[in-house]
Amino acid sequence: MDNSEFRKQAHKFVDWMADYLEHVEDYPVKSTARPGEITAQIPDSAPATGENMDDIFQDFQNIILPGMTHWQHPGFMAYFPANASPPSVLAEMLTSTLAAQCMSWQTSPAATELEERMMDWLRQLTGLPEEFVGCIQDTASTATLAALLCARERLHKFATNHSGLSIAGTHTTYASAEVHSSVDKAVRIAGLGSDNLRKITVDENFAMNPEDLEHAIESDLNAGCIPTCVVVTLGSTSLSAIDPLRKIGEICQKYKIWLHVDAAWAGSALVLPEFRWMIDGIDLADSLVFNPHKWLLTQFDCSAFFVRDKAALIQTFEILPEYLKTREGDRVNNYRDWGIQLGRRFRALKLWFVLRSYGQEGLQNHLRKHIGFCQDLARKVEDHREFELLAPHPLALFCFRYKPEGLDKEELDLANERLLEKINDSGKLYLTQTRINGQYALRFVSGSPTTEQRHIDEAWALIQNIALTVTTK
Ligand code: PLP
């Protein structure tokens, strides 16, 4: 493709992009594609000769688009949001055109230095301690794995990096029963073993019981295990439970255990001073991750990973073969040594665009708007005779179920499963489910930049109407 064709196509694509964002509401929020439907429309092998961009774009519209779930749709209330604001999309266009691989300072000084600044801007915006420094990771899963590896290595004075885990004993990790599966995955990958992940009981608000944590640590110590890491969750995935950071932090200090904070979704709310109570005790934490790509208007992927002890992080990951050496040495940050991957995308640019375009005030308005939507709607659900809330809902997520009279537990579960299916088949609204105390529950999460009050009202009307059609017989 020559440059004039590139220019022509790019203009056409930009028009399409603006139209898409303007009319995203007209698409069914959840794709209606059946398994294999898209594959069947794509040839078995690559074309022998190049094809025309107009044809390729046509196929994008005809084949790919119907197989997409529209995460920026105002009716997207499933999982957690993956915000992509227009400034963030614009930045990604530039990032994609520059196509730099930013593994070290020298491979693009601006990428590294902007990332340093952006991490510090984020740190200040969220009220994290001055000692915290960090880098952008692809996901919270990767950041949590990095924290766990770092905890393991620091414990053994970085010896297991070389010797493997054979010199050590059984490493135990602790998290609440509500912890995200990325922690289960991290203990597997880090070689610590899922049998050694202790899921600590939760209280009536689904937050970790610190007393039970301490008992578990004591009993592991008595059994000769090595308590390695505690993961505190701020905003659990199922229902947004908040673990008591300070009490858990004090236990970690007492037993000298790495304390990692997983605030993947709820961390964005720290931009609001009224939610800083969640990080009371952050002075006792070793690391924290939160995802601006979830709720802070910055498109996927952008996960902010902070650590207190930068040296420990680097010592865990640094490997310096001749071909990676640069003459700046350690006078600069080489982010390839701050995590698992060598090659790194230029992710700081979109963060810069977003933080500048919205400013602190714009970010706060966005967060407060969605918290307000959810709090108001949760009140309506609670007031409705045939619906019930199933857990506390401090932020922009609440869990509920339809509970008409006369149904037993199984029938209620079935009715709510059907309700969810029908809601999601409507194309207007997309919710996901969880289980709370064994009961099937629907999750409602607001966060899309395109969602307005009328969408919330329409969603509630739709839920009530569909509920009337759900029977168990
Ligand atoms: N931690 C929590 C609490 C989450 O809710 C999620 C995802 O929703 C994750 C971690 C994993 O996030 P990521 O997709 O960035 O790995």
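**Ligand surroundings and helix packing in a predicted model**

Of the 13 residues around the ligand, those that come nearest are Ala-140, Ser-141, Thr-237, Asp-262 and Asn-291; a residue is taken as near a molecule when one of its heavy atoms lies within 4 Å of it. The model is predicted, so local features need pLDDT of at least 70 and side-chain atom pairs count only at pLDDT 80 or more, while totals for chains, interfaces and linings use all residues. Residues are numbered from 1 along each chain as its sequence is written, and side-chain values use heavy atoms, with hydrogens and water left out.

A ligand oxygen atom lies 2.5 Å from an N or O atom in the side chain of Ser-141. Asn-291 places a polar side-chain atom 2.9 Å from an oxygen atom of the ligand.

I turn now to helix packing. Helices are DSSP runs of H or I with at least four residues, strands are runs of E with at least two, and both are numbered from the N terminus. Axes are lines fitted to C-alpha atoms, for helices over the stretch in contact, and angles between N-to-C directions run from 0 to 180 degrees.

Consider α4 (residues 109-126) and α12 (residues 348-383), whose axes are 10 Å apart at an angle of about 25 degrees. The two helices are therefore roughly parallel to each other, a label given to angles under 35 degrees. Their crossing is left-handed, meaning that the near helix is turned anticlockwise from the far one by less than a right angle; clockwise would be right-handed. Contact here means heavy atoms within 4.5 Å. On the α4 side the contact includes Trp-121 and Leu-122, and on the α12 side it includes Trp-352 and Arg-356. By class, this contact has 12 nonpolar, 1 polar and 2 charged residues. Ala, Val, Leu, Ile, Met, Phe, Trp, Tyr, Cys and Pro count as nonpolar, Asp, Glu, Lys and Arg as charged, and the others, Gly among them, as polar.

How do α8 and α9 cross, left-handed or right-handed? The crossing of α8 and α9 is right-handed. The axes of α8 (residues 210-222) and α9 (residues 245-255) come within 9 Å and cross at roughly 20 degrees, which makes α8 roughly parallel to α9. Among the α8 residues in the contact are Pro-210 and Ile-217, and among those of α9 are Ile-251 and Tyr-255. The class count for this contact is 7 nonpolar, no polar and 4 charged residues.

Helices α1 (residues 3-23) and α2 (residues 53-64) pack with axes 11 Å apart at about 20 degrees. That makes α1 roughly parallel to α2, and their crossing is right-handed. Contributors include Phe-13 and Trp-16 of α1, and Phe-57 and Phe-60 of α2. The contact divides into 5 nonpolar, 2 polar and 3 charged residues.

Finally, two backbone features. The peptide bond from Phe-300 to Asp-301 is cis, with omega near 5 degrees; Asp-301 sits in the loop between α10 (292-295) and β7 (303-307). Lys-157, although not a glycine, has a positive phi of about 50 degrees, and Lys-157 belongs to the loop between α5 (140-155) and α6 (160-163).

Conventions:
Angles under 35 degrees count as roughly parallel, over 145 as roughly antiparallel, 65 to 115 as roughly perpendicular and the rest as oblique. A polar contact is a pair of N or O atoms within 3.5 Å; within protein, one must be able to donate a hydrogen and the other to accept it, and residues adjacent in sequence count only if both atoms are side-chain atoms.
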